[in-house]
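Dear colleague,

Please find below the structure that I am handing over to you, followed by an account of what was found in it.

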Amino acid sequence: MSLPPLVEPAAELTVDEVRRYSRHLIIPDVGMDGQKRLKNAKVLCVGAGGLGSPALMYMAAAGVGTLGIVEFDEVDESNLQRQVIHSQGDIGKSKALSAKETVQGINPLVNVVLHEERLEADNVMDIFSQYDLIVDGTDNFATRYLVNDAAVLLNKPYIWGSIYRFDGQASVFWSEHGPCYRCLYPEPPPPGMVPSCAEGGVLGVLCASIGSIQVNEAIKLLAGIGDPLVGRLMIYDALEMQYRQVKVRKDPDCAVCGENPTVTELIDYEAFCGVVSEEAQEAAAGSTITPKQLKEWIDADEKIEIIDVREPNEYEIVAIPGSRLVPKNEFLMGNALQDLPQDRRIVLNCKTGVRSAEVLAVLKSAGFADAVHVGGGVIGWVNQIEPEKPVY
């Protein structure tokens, strides 16, 4: 569906702006009017990571007048494989500041506003109210539902993107004209069911593919051109090089944008989505050890069996000495239980402690009452015990 322009045009373009944006100006669908609307627009990018990097860079190049950046993290070396807005010299720097410097290097005419804080229920409404359009570059379910609900309550359109390994998705959610994110995903997946990019990985260039789609949709909405992805989900398979679309209909029973909404104000999204299941939390209570405790057990030659529940490619990167690999799914399917020793205490570990807590719940229910897991996982082990080893 075609929609009216989201913003009014600015009064004029300067001579410098006409020179800079000339390739836009000669496109009939954009022209002077469309470029003036981009100049007058205020767009907020949630995150300056994998999706936020190309989104911010191309929105700056396109001449979006005001770009807001919500980001609280610092640049890490592992970011550089895909977060192209940052460079080697930015390691340890605020991502928001690093992103701002790159944006201003691309286009000094853009006004960049930083929100160096975690987006939460107590600040999202104030931040979102300052902008015309939201570009969602988040990578966790709690923040995605927070962004969606705040956008619906404020009647703001937002452009959503998601990436994982070789697969990407994108859509435009605007409850006034179509469905919202909850119409597509009414409930978050069970904790631990869907790995994050930090656990499962992502092809770096996939971020550019999906981020550029998000910017394309932003330009269309701001200038009032083309057919935005409202009511459509774009799915991209980078391995097969295939794009396909799925229609998404507005759900009349949607909890936030439906005819009789039950979510009329922001909720506790961490509790709604959960980090780990209740069973895992209960299992981990009193059965979590630190990396230092594990090192003491190893040095004392305690009768333990260290089981790494990550995937083989993760295990190849770094592992706790003496551990053996049994992926989480083997426990969930029940295949691994029969091979566990009965005369040794089972010590589980994963990357950070989330997956191992889920497996611990399986072991506890199977009768391994003294089993424990390592809080902080192999990352905690490297940081505290073997800092010369790599992390990912």
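**Findings**

In strand E12, the bridge partner of Glu305 is Ile346. This belongs to the pairing of strand E10 (residues 304–308) with strand E12 (residues 345–349), which is parallel and runs over 5 bridges; two strands are taken to pair if DSSP finds at least two bridges between them, and strands (E, at least two residues) and helices (H or I, at least four) are DSSP runs numbered from the N terminus.

Before going on, please note that this is a predicted model, in which local features need pLDDT of at least 70 and side-chain atom pairs count only at pLDDT 80 or more, while totals for chains, interfaces and linings use all residues. Residues are numbered from 1 along each chain as its sequence is written, and side-chain values use heavy atoms, with hydrogens and water left out.

Helix H17 (residues 377–384) is mostly covered, with 6 of its 8 residues buried, where buried means under 20% relative accessible area, exposed means over 50% and partly exposed lies in between (1.4 Å probe, protein chains only). The buried residues of H17 are Gly377, Val378, Ile379, Gly380, Trp381 and Val382, and they pack against helix H13 (291–299), E12 and E13.

Arg144, in helix H7 (residues 141–154), may deserve a look of your own. Arg144 is buried yet has no salt bridge, and the nearest side chain of opposite charge, that of Asp136, is 5.3 Å away; a salt bridge is a side-chain nitrogen of Lys or Arg within 4 Å of a carboxyl oxygen of Asp or Glu, and for charge Lys and Arg count as positive and Asp and Glu as negative, with His and the chain ends not counted. Leaving aside neighbours within four places in sequence, the contacts of Arg144 include Asp136, Tyr158, Trp160 and Tyr181.

Tyr158 also stands opposite Phe173 in strand E6. Strand E5 (residues 158–164) and E6 pair in the antiparallel sense over 7 bridges, and in their hairpin, which has 2 residues between the strands, Arg165 takes a positive phi near 55°. On E6 (residues 167–173), 5 of the 7 residues are buried, so this strand is largely enclosed by the rest of the structure. E6 is also joined by 4 bridges to strand E7 (residues 232–237), and these two run antiparallel, with Asp167 opposite Asp237 in E7.

With kind regards

Key
Contact = heavy atoms within 4.5 Å.
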